[in-house]
Every structure is written in C-alpha cells, then in structure tokens.
Amino acid sequence: MGDSRNTVIGRPREFDIDEALERAMRVFWERGYEGASLTDLTGAMGITKPSMYAAFGNKEQLFRKALERYKEGPASYATRALAEPTARGVIEALLRGAVRTTTLSGRPSGCMTVQGALAASDGGRPAHDVLVAWRNDAGLRLEERFRRAVDEGDLPRDADPVRLARYIMAVAFGIAVQAAGGLGHDELQDIVDMTLHSWRP
C-alpha cells in the first residue's frame, strides 16, 4: 500500500506535497497573499489547479498551510527565542533571528507575515485577518515571557511587559519592512545593536 498522503481518489499524486508547499510558501512570502495568483502558485508548485485544490483546498487554505510551514521553518527562531534564560537574551535572539530570516540568500527578503498582509481588497481579508491574529499571538507570547521575567526578578518590578512586548514587536517587524526595502544584513544588525544598547527596561 502506498502513502495515503500521496494518493487522491486511489491515484498516486504526481508531485511531492512537502516540496509543493515549500514552493507555495516562497510565492506568498515574495508576493503577498493578493499578489500571488493561482497561476503563480501552481506554476511554482509544478502542478495543475485541480491537483492544488485536491491536495490543499482553495487559495486561502493553501495560504494557511504555507503560513504554518513558515512558522515551523524560517520563523521558528521566534519560538526558540522565548526559551532564552533572560529577557535581554530573548530580545537579542528574536531580533537577530529576524535579521537572519529576512536576509537569507536564495529566499525572499522581508517576512512572510508582513508581505502576506499586503492585501487591500475584500478577497484578501481572510489572509489579513489570519496574519493579524498571528502577530497578536506572537505579541502575547512575548508579553507573557516578559511577565515571567518580572516574576523571576530578571526585569524590574515596575517594568511593563505589555509596552516592552509592543516595542520589541515593532522593532522586529520594522526589520522585516527594512529588509524588504533592500536594507542589508549588516545595516539591520546595526538596528539590533542600537536596540540592545538602549535597552533600559
């Protein structure tokens, strides 16, 4: 018996699902949700539209799957950063991870969660809402980590975890926007260095 992931109604699929999803992720990352047409996506994935629908559902469902892949792959630095033993370590790992991910050679510049949100029409609203929820969740997780740092005495008692999290998220997403605009790795690392230098919780 074959792998059930590679069959559609008893027929073997003619493509590798993981590779196709990786390619779709890159298209969304580079062009955003609305900028990525079905023709762009199926062309990059090397499959037909019926095959795409059979394997991934519609464009919105494909986007959600691609975003999960992004979170578990290129953006996994964010989850690892939260495990750093100090608040300053969390911030440095998060921001340097953002620089690294948004400037990787051979990958789109910027951040998929920023690029993907460039949706203006009603048709792009579902993707926009998914990304807003993703960013809000990331901010809440950072806020919780800073709250723990206050409880542990790593941050002062009067530190405000909400404001700190908003500030760091703004810097992280600002890095992604600057990277998409062409700012290079070294210049972005300067932003991280300045943020760490001015760190006064």
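Where is Q189 placed? Q189 sits in helix α10, which covers residues 185–197. Before I say more about that residue, a word on the model.

The average pLDDT for the chain is 88, and 89% of the residues reach at least 70. Residues 1–12 are another matter: there the pLDDT is below 50, and the stretch has eleven contacts in the model beyond near neighbours in sequence. Where pLDDT is low, predicted coordinates should not be read in detail.

Is Q189 buried or exposed? Q189 counts as buried, because its relative accessibility is 15% and the cut-off for buried is under 20%. Leaving out residues up to four places away in sequence, Q189 touches R96 and V99. With R96 there is also a polar contact between the two side chains, at 2.5 Å.

Next, R80. This residue is in helix α5, residues 77–81. R80 has 52% relative accessibility, so R80 counts as exposed; the cut-off for that is over 50%.

Last, an annotation. An unreviewed UniProt entry gives residues 37–56 as a "DNA-binding region". In the model, that segment is 80% helix and 0% strand.

How values were computed. Residues are numbered from 1 along each chain as its sequence is written. Side-chain values use heavy atoms; hydrogens and water are left out. UniProt positions are given in the numbering used here, feature names are shortened, and annotations may be inferred rather than shown by experiment. Helices (H or I, at least four residues) and strands (E, at least two) are DSSP runs, numbered from the N terminus. pLDDT is the predictor's confidence in each residue, from 0 to 100. Contact means heavy atoms within 4.5 Å. Buried means under 20% relative accessible area, exposed over 50%, partly exposed in between (1.4 Å probe, protein chains only). A polar contact is a pair of N or O atoms within 3.5 Å; within protein, one must be able to donate a hydrogen and the other to accept it, and residues adjacent in sequence count only if both atoms are side-chain atoms.
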